There are 2 protein chains.
Amino acid sequence: MASRAKATILDIAREAGVSKSTVSLVLQGSGLIRPETAVKVRKAIEDVGYVYNRGAANLRKAHSNVIGMVINDLTNPFFAEMAVGMERVFQSAGIVPFIANTAENPVRQEEVLKSLMEQGVAGLIVSPARGTTSGAFRRLEMVGLPVVFAMRRLPESRIPVIAPDNHRGAYLATAHLIGKGHRRLAFFGGSSDLVVYHERLGGFREACEALGIAKRDTIVVEGETSRKGGIACLDTALAAAEPPTAALCFNDAVAFGVMLALRKRGLEPGADFAVVGFDDVVEAQHYMPALTSVAVDSAGLGERAAHVMLKMIQSRTTRAEDHIGAVNLVVRESCGPDRHKGMGDAA
Amino acid sequence: MASRAKATILDIAREAGVSKSTVSLVLQGSGLIRPETAVKVRKAIEDVGYVYNRGAANLRKAHSNVIGMVINDLTNPFFAEMAVGMERVFQSAGIVPFIANTAENPVRQEEVLKSLMEQGVAGLIVSPARGTTSGAFRRLEMVGLPVVFAMRRLPESRIPVIAPDNHRGAYLATAHLIGKGHRRLAFFGGSSDLVVYHERLGGFREACEALGIAKRDTIVVEGETSRKGGIACLDTALAAAEPPTAALCFNDAVAFGVMLALRKRGLEPGADFAVVGFDDVVEAQHYMPALTSVAVDSAGLGERAAHVMLKMIQSRTTRAEDHIGAVNLVVRESCGPDRHKGMGDAA
DNA sequence: GCCTATAAATGGAACGTTCCAATAAATCAA
DNA sequence: TTGATTTATTGGAACGTTCCATTTATAGGC
């Protein structure tokens, strides 16, 4: 069972009666070797159960064909879908990407990045963990490794970013709520250590301002970006003197939490309180009621990020243009019908 | 910006005024070098922006510290959670696992396995793609690489398996339905090219037999293991002459689909038709109605698999015991109250 | 002061591959 | 036949590390 010492290119050479150089050439599919020789060598490869040692090869070649994908939270379907989108394009480029999860932990992220670099990756696509400091990627820049940020950006970094138009998405969603007749609005979930948070909150604020909602009629509740966070946000908001009648949530998970909490209070999402999510994960359309949400096409953005990475590697540069993906509001049932004016809203 | 040629151990040696061997010793944290020297070397490492070349090291060391996790479907939260469980234990062992997704595609899986092996992994945890042939892992066995299967097993393979007790889980769930008074039962979703399918269906069958449900009062509908599959299954089953009144679903996704389809027909899950899921993903408890499901503790099984792997590597063996994880039925609302006898069930 | 024992640092070979320059074999032009 | 050209094949150096056997420095015993 336990094989003898691992077979190398020399073992194959001996077996096939050729030189190691010939074997190497065959391995690389060079057209220089006579077809019959190639066949002979390939048979030997099969016979001895050879496995190529990419580490040894990279020692000379310098250019590896591994790409690392560093994801902040794989259990979030939103990021998982993005990762799968990336994988799709790498696959068709003949590259096997390795995924590593950081679980939103900057320390873990540091380890993961280090390990990936030591492994000699050709490039890195990163969705940075919350709380990542801008210094975390300096080492990567030093060695001139191509890096792309996906979905999230860092405050002051020159690394190219592929992300949805968060500002516009939030604006659209907020305008939708206002259009429904809501006059006291909430923004639920997320925390200010995320650039995305500021972008989305910025869109919310701008829409309120542009459409005549006074700042004192809005309430912003930070919270975990999870169902639990959403539940907490709603409880906080409804305890206010003049509670809101609608909320834009940082993401769909928060929105689900809000709807859950509404139900628990005997309120019907949509009819009694409008809620909009962000990201439009698959569950959104299956919820009761179906969730109105800002679709960002995570898989598409993942694909885009992968393409950018491939191009960077190919042109051996560490720079690329940012790409801001279009968003669109998918209206479903969670905001109910239009709200009648003056239905207890008179300030 | 673009750094000069990549720094090596020799550059550090020159910078610090020591030999390359000394640097190597420092890198490995050997106690043989004088602390002051170590400090000097570490400073040089920092200064030149050195990154360790693990490939070169493995050329001599033979023992790498990378472990590969090959997952059949990362977008399924069930498997994502398992992966995260594994990661947790590897992290505390100072190992960074690399995750690769096969998207249920055996061809892709083959590529992924090849790539991981070439990278020189120390071990592999695999949740095999549907339709994997038993030959796919022969090469791995040939080179004596430790491999563990997680969640799924292959028909005739000696590779150790960490999986939940599917048979018992299905038995419990079925008994629950029968105990509620149901007399015509369905098994929804999954397909027979999966061993898991036979295990779960086996539990269902055994429970029916043991508790007096005739085989002709059961209906088995294969289908995709997704919401869509669940919808299709229900439609098929309700078209039967004597339709079932309850269903055990292959997994939670199917169960969600079934509930959706029920609603679409104006039937209330729980009251009009009982449904039980399998896996107990997080969404299960948040659904309306909350889904009764068989909890399998995917994260826990992931951790277990990782431990087994670590032990295998440590004791340089390719064998280990299987581990069948306990399951338990989490009763929620999707089966409604007990069903009264003779309520249209008289066969 | 010398010898021995311990501590610290070192040079060289080896790991498995690729690449280059060189060789050997086959083909062609004259 | 001879030399030139093309086609196949090859040996050796190099890649960045580790490990072993040595060497060099430091301390201890007398």
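A residue is called buried here when its relative accessible area is under 20%. The structure is a predicted model.

**Helix 4 of chain A**

Helix 4 of chain A spans residues 54-61, and its buried residues are A:Arg54, A:Gly55, A:Ala57 and A:Asn58. They lie on the same side of the helix, because the arc they cover around the axis is only 155 degrees. In an α-helix, residues three or four places apart point the same way, since there are 3.6 residues a turn. The packing partners of the buried residues belong to chain B: helix 4 (54-61) and helix 6 (106-118).

At the N-terminal end, helix 4 of chain A is capped by A:Asn53, which places a side-chain oxygen 3.0 Å from the backbone nitrogen of A:Gly55. The residue that follows the helix is A:Ala62, with a positive phi near 70 degrees.

**The surface near DNA strand C**

DNA strand C is surrounded by 27 residues, of which A:Ile9, A:Ser24, A:Tyr50, B:Thr22 and B:Thr37 are the closest. Of the atoms of DNA strand C that come within 4 Å of the protein, 65% belong to sugar and phosphate.

| Residue and atom | Atom of DNA strand C | Distance |
|---|---|---|
| B:Lys20, side-chain N or O atom | base oxygen | 2.6 Å |
| B:Thr22, polar side-chain atom | phosphate oxygen | 2.5 Å |
| B:Thr37, polar side-chain atom | phosphate oxygen | 2.5 Å |

Two or more residues of this surface come from each of helix 1 (9-16), helix 2 (20-27) and helix 4 of chain A, and from each of helix 2 (20-27) and helix 4 of chain B. Helix 4 of chain A contributes the most, with five residues. By residue class, the surface consists of 12 nonpolar, nine polar and six charged residues.

**Strand 3 of chain B**

Strand 3 of chain B (residues 123-126) is covered on both faces. In a regular strand, side chains alternate between the two faces of the sheet. B:Gly123 and B:Ile125 are buried on one side, and B:Leu124 and B:Val126 are buried on the other.

Strand 3 of chain B runs parallel to strand 1 (residues 66-71) of chain B, and four bridges join the two. Within this pairing, B:Val70 has B:Val126 as its bridge partner. Strand 3 of chain B also pairs with strand 4 (residues 147-150) of chain B, again in the parallel sense, over three bridges. Here B:Ile125 is opposite B:Val148.

Key:
Residues are numbered from 1 along each chain as its sequence is written. Chains are lettered from A and ligands numbered from 1 in the order in which they are written. This is a predicted model: local features need pLDDT of at least 70, side-chain atom pairs count only at pLDDT 80 or more; totals for chains, interfaces and linings use all residues. Side-chain values use heavy atoms; hydrogens and water are left out. Buried means under 20% relative accessible area, exposed over 50%, partly exposed in between (1.4 Å probe, protein chains only). The arc is that of the directions from the helix axis to the C-beta atoms. Contact means heavy atoms within 4.5 Å. A polar contact is a pair of N or O atoms within 3.5 Å; within protein, one must be able to donate a hydrogen and the other to accept it, and residues adjacent in sequence count only if both atoms are side-chain atoms. A residue is near a molecule or strand if one of its heavy atoms lies within 4 Å of it. Ala, Val, Leu, Ile, Met, Phe, Trp, Tyr, Cys and Pro count as nonpolar, Asp, Glu, Lys and Arg as charged, and the others, Gly among them, as polar. Two strands pair if DSSP finds at least two bridges between them.
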